[in-house]
Amino acid sequence: MIPLATRMRPLSLEEFVGQEHFLYKGSLLYNSIKNKTFENAIFFGPSGTGKTTLARIIAREMDADFVEMNAAVTGIKELKEVIESSKTKFFGLQKEKTYVYVDEFHRWNKLQQDTLLKALEEGVINFIGSTTENPYFAVNNAVLSRVRSIYEFKALKASDIYTLLIRTLNDQERGFGNLNIKYDDEAIMTMAKMSGGDARVALDTLGFMVDNMDEDKGIDDRLVEEAMQRKTYFYHKEEDKYDLLSALQKSVRGSDPDAAVHYLARLIKGGADIQTIGRRLLVMASEDVGMAYPQAITIVNSCVQAALTVGYPEAQINLAQATVTLAASPKSNRSYMALLKAQHDLDTIETGDMPAYLKDSHYKGAAKRGHGIGYKYPHDYGGYVKQQYLPDELVKKGTSYYEPTSNGNEASFKRYLEEIKKIK
């Protein structure tokens, strides 16, 4: 039996779902396919994100011969046979181009990859290679120089996979539209979120469920949990996710690493993506830890970038480190509060112009306007010299925005600021 994921492959650009960062109506790639000017490319990214599907759509749109190979099971002998056959079609009466698609291209060694070079230079074949590895490391430079376009496929969004699942449940030709299967929308979205951005996993799981569920049953959370062999109760509604993110931040703010890790675990189990969790952690590093431990933002940013690089499941290790770092750090929100106070003054009072000596003086005629004249360069005075920086209107009001705490590292900044105020 043909797997559901194979049966439901999109057959046209209009059916293709995901990868909107490079494929959308009017994009250069979209137009090159429609205009039949597409030539060579390398697709790289995780499994189940549409690399093979798009290659097949391109061949169909080009009205060209299409040869599909898998580098794991084919070698130079088969490739040379394809190239010779392509030469006959290209230089013969047919004048037909052949698109050669090589899946898992990174599995070929340098010699095997280099077999393509002459055919690419002569234009005998058009080449599409797909790989789960970064081509800048896994593909020979000689091949890369002859393949101008390299497209990075990203894990599909839950909404993309949801679209594919619903399409399958309602498609009467290739899907299950004739079976009138009852399903809960939220359960389908939960399955989409639990598929890790892999459409193949989602569709084949749906096929397994439909083939083996009782006729009088519908698709609900319990069935999804059984099919995916993972619990689904953590969240499946958007508001639940934001409740968990809120609980995570409040636990970090309250310096409770146990609670923070608990809510992080629930977010990960519930299917929250790395970007969603990472963005919130980066905000916390500045909003809640701030100047009490300024290095936190650097550590958290490194953890988030590492998580994005390695992906799940290992990414959870990096996210855990970031979460515990934040929860166990001293806290201060005074830098953020200072900004809010300054913004409030801009909205409610006349703040006046800045001192003329603070204005840019690096252009002809600036001196005539008084710009920069009288400015004292602090480094000429050992790092600090008493000088007015706020506008006159705010100085008259005795305005102060940043009020440091004595928490953590911020205590040293507080002492420094207090000391320089005493300088005459």
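**Ground rules.** I am working with a predicted model, in which local features need pLDDT of at least 70, side-chain atom pairs count only at pLDDT 80 or more, and totals for chains, interfaces and linings use all residues. Residues are numbered from 1 along each chain as its sequence is written, and side-chain values use heavy atoms, with hydrogens and water left out.

**Entry 1, helices on the sheet.** I started with helix α3 (residues 51-62), which lies across β1 (41-44), β2, β3 and β4 (125-131) and runs at about 175° to β3. Helix α4 (residues 76-91) lies across β2, β3 and β4, at about 170° to β2. Helices (H or I, at least four residues) and strands (E, at least two) are DSSP runs, numbered from the N terminus. Contact means heavy atoms within 4.5 Å. Axes are lines fitted to C-alpha atoms, for helices over the stretch in contact, and angles run from 0 to 180 degrees between N-to-C directions.

**Entry 2, the sheet.** In what order do the five strands stand? I read β2-β3-β4-β1-β5, an open sheet with parallel pairing. Its edge strands, β2 (65-70) and β5 (149-152), each pair on one side only. Two strands pair if DSSP finds at least two bridges between them; β2 and β3 (residues 98-103) have six. I also noted that N70 stands opposite D103 in β3.

Next I looked up the open spaces. On a 1 Å grid over the protein atoms alone, a pocket is an open set of points where a 1.4 Å probe fits, with protein on both sides within 12 Å along at least five of seven lines; lining residues have an atom within 4 Å of a point. The largest pocket has a volume of about 1500 Å³, where grid points are joined across faces, edges and corners and volume is the space filled by probe spheres set on the points. Of its 42 lining residues, A155, G196, D273, I274 and Q275 are closest to the centre. I sorted the lining into 17 nonpolar, 14 polar and 11 charged residues. Ala, Val, Leu, Ile, Met, Phe, Trp, Tyr, Cys and Pro count as nonpolar, Asp, Glu, Lys and Arg as charged, and the others, Gly among them, as polar.

I found 19 lining residues, with L390, T399, S400, L417 and K421 nearest the centre. Which element gives the largest share of the lining? Helix α20 (410-421) does, with five residues.
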